[in-house]
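Please look through the structure below before reading on. The numbered points that follow can be checked against it one at a time.

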Amino acid sequence: MRLNNLLLLAVLSLLVPGLLQATAYNEATVDKLNGTIMDQPADGSKPYALQTESTVAKGDILTCYDRSWVILKTHGGDRIGLSGNTSVVIDEYYFEGPDRQIRLILKNGTLLLKTGGRGSAQSFFEINAGSVVASINDVHAILTYDPTDESFTAQYMVGKLTVIDKDHEEKFKANQTENTWIAGKMKKEDPDPIDELDATNYNRFFDEQDLLADVVNNILLSDNLIVSELRADGVWGSKMQQASQVYHYGQDAYNAGRFREAEDFWKEALEIQPDYTRARSSLQKLSEDHPELKIDESDWSFERQEPKSTATTP
């Protein structure tokens, strides 16, 4: 009996370290995507288009094409977004227990980061972009790199973000600020505040909502989602642009449960552009789904008036 117990203890002493050892993870998962995102595997095999639940690993080269986007999710819950015309090399990717080791090479384009923290001394999360390296921990940030002029812009919302350039390490301290580097040198000593529209679109990106357009500056951008919507409607001009902007404010209010506010925004969109059918359809659905609001349809449910023909006498 005693011998059996000794044998059992011996076996357990061999098995327990293996059972207690942390599982290692070397792949990130595609959480959400839209459009065309190609993956060139590290083994040199044929590139393929990513799909939801696809995995990417160390050495893969990801290319996100115009008007496309993808959100990757790590084992630790970090979310890494690539937005139109972006190319990234996964130079290092490894998770085990408290350790997180990620290094991305941003060849061009935009990364949107929503990451958690890691306290392990062996952990690192780096983004190389030309002559600078961004080191992050738990952070909400947007990083953009253009290799044509070696410009790198870091837009920092909150968390821990350090940019290491040719001269020094710049630690972002003030929330909602940004700075730019040209050829590895920081453009100005003091950061600028982030444009409110960029901060709003950062949240909309991770919420999978259409990005809002800058009515004044972005009306001619072919890859702007609002402009794409206008092109689909076959209508151009400032009134339609403003109506679309107001409509999306209403959509934000609706998603937040502020239904009366959404109603007001969508009615305002129709006042700006009476032919904006998307706003009318949303109001109709709001009226049907929430009869308790007792929405007055008289000022928006009108039919489009066709011009009357003029009779001519022979």
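**Notes on the predicted model**

1. The helix pair. Lys267 and Glu263 lie four residues apart in helix H5 (residues 259-272), so about one helical turn separates them. The model is predicted. In general, an α-helix has 3.6 residues a turn, so residues three or four places apart point the same way. The side chains of Lys267 and Glu263 meet in a salt bridge, with 2.7 Å from N to O. Glu263 is buried at 4% relative accessibility, and Lys267 is buried too, at 14%.

2. Overall make-up. The protein has six helices and 16 strands. Of its 314 residues, 39% are buried. Among contacts between residues at least 6 apart in sequence, 45% join residues at least 24 apart. The accessible surface comes to about 17500 Å², and carbon and sulfur atoms account for 51% of it.

3. Other salt bridges. How many salt bridges does a search of the whole structure find? The search gives twelve. Side chains of opposite charge can pair when their charged atoms come close. Asp31 and Arg79 form one of these bridges, with their closest N and O atoms 3.6 Å apart. This pair links distant parts of the chain, since Asp31 is in strand S2 (residues 27-34) and Arg79 is in strand S8 (residues 79-96), 48 residues apart. Arg79 has a relative accessible area of 18%, which is under the 20% cut-off, so Arg79 counts as buried. A network of salt bridges links Asp91, Arg103 and Glu126.

4. Asp192 and its surroundings. Asp192 forms a salt bridge with Lys188, the closest N and O atoms being 2.9 Å apart. Asp192 is partly exposed at 32% relative accessibility, and Lys188 is partly exposed at 37%. Asp192 is also among the residues that Thr177 touches; others include Ala154, Gln155, Tyr156 and Phe172. Thr177 belongs to strand S14 (residues 177-182). Is Thr177 buried or exposed? Thr177 is buried, with a relative accessible area of 9%.

5. The strands around S11. Strand S11 (residues 132-146) pairs with strand S9 (residues 99-114) in the antiparallel sense over six bridges. Leu112 has Ile142 in S11 as its bridge partner. Strand S12 (residues 151-164) also pairs with S11 in the antiparallel sense, over twelve bridges. Here Ile142 stands opposite Gln155 in S12. Ile142 therefore has a partner on each of these two strands, Leu112 and Gln155. Strand S10 (residues 124-129) runs antiparallel to S11 and is joined to S11 by four bridges. Glu126, a member of the salt-bridge network, stands opposite Ser135 in S11.

6. The two hairpins. S10 and S11 form a hairpin with two residues between them, and Gly130 in the turn has a positive phi of about 65°. The hairpin of S11 and S12 has four residues between the strands, and Glu150 takes a positive phi near 55°.

7. Helix H6. Helix H6 (residues 277-289) has 13 residues and reaches 18 Å from its first C-alpha to its last, close to the 18 Å expected at 1.5 Å a residue. Which residues of H6 are buried? They are Ala279, Arg280, Ser282, Leu283, Leu286 and Ser287. Viewed down the axis of H6, these buried residues fall within an arc of 160°, so they line one face of the helix. Thr277 and Glu288, on the other side of H6, are exposed.

Notes:
Residues numbered from 1 in each chain as written. Predicted model: local features only at pLDDT ≥ 70, side-chain atom pairs only at ≥ 80, totals over all residues. Heavy atoms only, no water. Buried < 20%, exposed > 50% of the residue type's maximum accessible area, 1.4 Å probe, protein only. Contact = heavy atoms within 4.5 Å. Salt bridge = Lys/Arg side-chain N within 4 Å of Asp/Glu carboxyl O. Expected span 1.5 Å × (residues − 1). Arc of directions from axis to C-beta. Areas by Shrake-Rupley, 256 points an atom, 1.4 Å probe, with all protein chains shown as cover.
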